[in-house]
Amino acid sequence: KAIPQVEEEMRERALGNPKSGVARFLSVERFGMVWVCPDRNAEVGELGEPPGPPVLEGPESKEFGTSSVQRDLFYDHSTLVENVIDPSHVPFAHHGVQGNRKRGAPIPLEVVKEHEKGGFILKGMAEIDFRSPCQIGYRLEFGSSGDRKASDAKKTKKIVYLWSYLVPTSPGRSRLIAFFSVNFARGLTSRVPRFLDHIHRNDVLDGDMVFLHKQERVVNARAHAGIDVLDAFVMPAKADTGVVRWRRWFRNNRLRWLGEGTVKYAPDGIVEMPEEIRDSRVLLDRKTSHADICASCSLVLRRIEKLKKVVFWVLAGMALAAALAPLTAAAKAGLGVGAVAVLVAREVMLEIERRMTYTGYDHATR
């Protein structure tokens, strides 16, 4: 305890007052985020570091270029885990952005390792590492990296990592925090502005937002009727292995995971869903679900608002000059070209703003 502003003669009495004490939680900064251990009795480890997230190969390696994104989602944590752990949904749910529905095919997956504290590793088209209850990592290898700076051990393969933290925020709501790492084209990764990268990532996340929001209400209604999701749906493919294993873990641990602790997220282990949202403009609103909580995107939107005013006054000045000033024909032509350039720049700016706030997602036209 310490209260620096208290006078020496009052310090002992002030520090002895139980109201002057606050709970102390160990914390650590990793991946550009602050991690807090909620256990008040936690102590630093043997290396003098507080407990934190496991080391991630990729985001913490100098041989990889890494980008990240986060977004608040209108579906529950359990649905988010099921979605991320299921690679077979990509050609259909993200058609036209990240997949092609005509290329849907069997994806044989098998469990090759069980984690002692819960979770498992799947292998098939990729290595999928699930660490219960909220971390999933994908590792894909293909081709040759062609990177002279890469070590000999990794030079022959292009490696892609996708690490996701799937955070429950409230019943029927969750937050995705994802890191994308590659050991090739690292210069390109570092040069692409974050807001452009986030536009693409949000295109992907829009793809299944609406039907996941609606689908989980069907699952939840059956859970309240005493029907387990594993009994309500047929999941015969090997591609379903991760979903089946996740749902089995969730069924066996949901009361402890959701109903215990200080915050009673779901006292009986079954979430009470908030009212269904039928307006796609709310479900796919990128501004409130992403831009407002993203330092890069919120800065770009603020600058666009300022530039709109600048553009207005520039065009007004050009129009006034063309109408009142005694300009030569060449000067007027130059003024016209300048006005066209400003209008084109304005349209580009408005398109960026649109892509950062709301675009909609129509599967039928993709």
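**Note on the predicted model: salt bridges, helix packing and local features**

1. Start with Lys 308. This residue is partly exposed, at 28% relative accessible area. The model is predicted, not experimental. Lys 308 forms a salt bridge with Glu 353, and the closest N and O atoms are 2.8 Å apart. The bridge ties together distant parts of the chain: Lys 308 sits in helix α12, Glu 353 in helix α13, and 45 residues separate them. Glu 353 has a relative accessible area of 16%. Buried means under 20%, so Glu 353 counts as buried.

2. Helix α12 covers residues 295-324 and packs against α13 at an angle of about 155°, with the axes 10 Å apart. That angle makes α12 roughly antiparallel to α13. Their crossing is left-handed.

3. Helix α13 (residues 329-357) also packs with helix α6 (residues 194-206). Here the angle is about 50° and the axes are 9 Å apart. That makes α6 oblique to α13. The crossing of α6 and α13 is left-handed.

4. How many salt bridges does a search of the whole structure find? The count is 21. A network of salt bridges links Arg 71, Asp 203, Asp 206, Arg 286 and Arg 355.

5. Another salt bridge joins the side chains of Arg 11 and Glu 8, at 3.3 Å from N to O. The two are three residues apart in helix α1 (residues 8-16), which means about one helical turn lies between them. Glu 8 is exposed, at 60% relative accessible area. Arg 11 is partly exposed, at 30%.

6. Asp 129 and Arg 131 also meet through their side chains, in a salt bridge of 3.1 Å, N to O. Is Asp 129 buried or exposed? Asp 129 is buried, at 7% relative accessibility. Arg 131 is partly exposed, at 25%.

7. Check the peptide bond between Ser 132 and Pro 133. This bond is cis, with omega about 0°. Most peptide bonds are trans. Pro 133 lies in the loop between β6 (127-131) and β7 (135-142).

8. On the surface, Phe 25, Val 34 and Val 36 form a nonpolar patch with about 290 Å² of accessible area together. Val 34 belongs to strand β2 (residues 33-36). Val 34 is exposed, with 62% relative accessible area.

9. Val 229 lies in helix α8 (residues 229-232). Val 229 is buried, at 13% relative accessible area. Val 219 is ten residues away along the chain, and the C-alpha atoms of Val 229 and Val 219 are 6.4 Å apart.

Notes
Residues are numbered from 1 along each chain as its sequence is written. This is a predicted model: local features need pLDDT of at least 70, side-chain atom pairs count only at pLDDT 80 or more; totals for chains, interfaces and linings use all residues. Side-chain values use heavy atoms; hydrogens and water are left out. Patches are made of residues with over 30% relative accessible area and no salt bridge: like charges are joined within 9 Å, nonpolar side chains (Val, Leu, Ile, Met, Phe, Trp, Tyr) within 5 Å. Accessible areas come from the Shrake-Rupley method with a 1.4 Å probe; for residues, only the protein chains shown count as cover. A salt bridge is a side-chain nitrogen of Lys or Arg within 4 Å of a carboxyl oxygen of Asp or Glu. Helices (H or I, at least four residues) and strands (E, at least two) are DSSP runs, numbered from the N terminus. Buried means under 20% relative accessible area, exposed over 50%, partly exposed in between (1.4 Å probe, protein chains only). Axes are lines fitted to C-alpha atoms, for helices over the stretch in contact, and angles run from 0 to 180 degrees between N-to-C directions. Angles under 35 degrees count as roughly parallel, over 145 as roughly antiparallel, 65 to 115 as roughly perpendicular and the rest as oblique. A crossing is left-handed if the near helix is turned anticlockwise from the far one by less than a right angle, and right-handed if clockwise.
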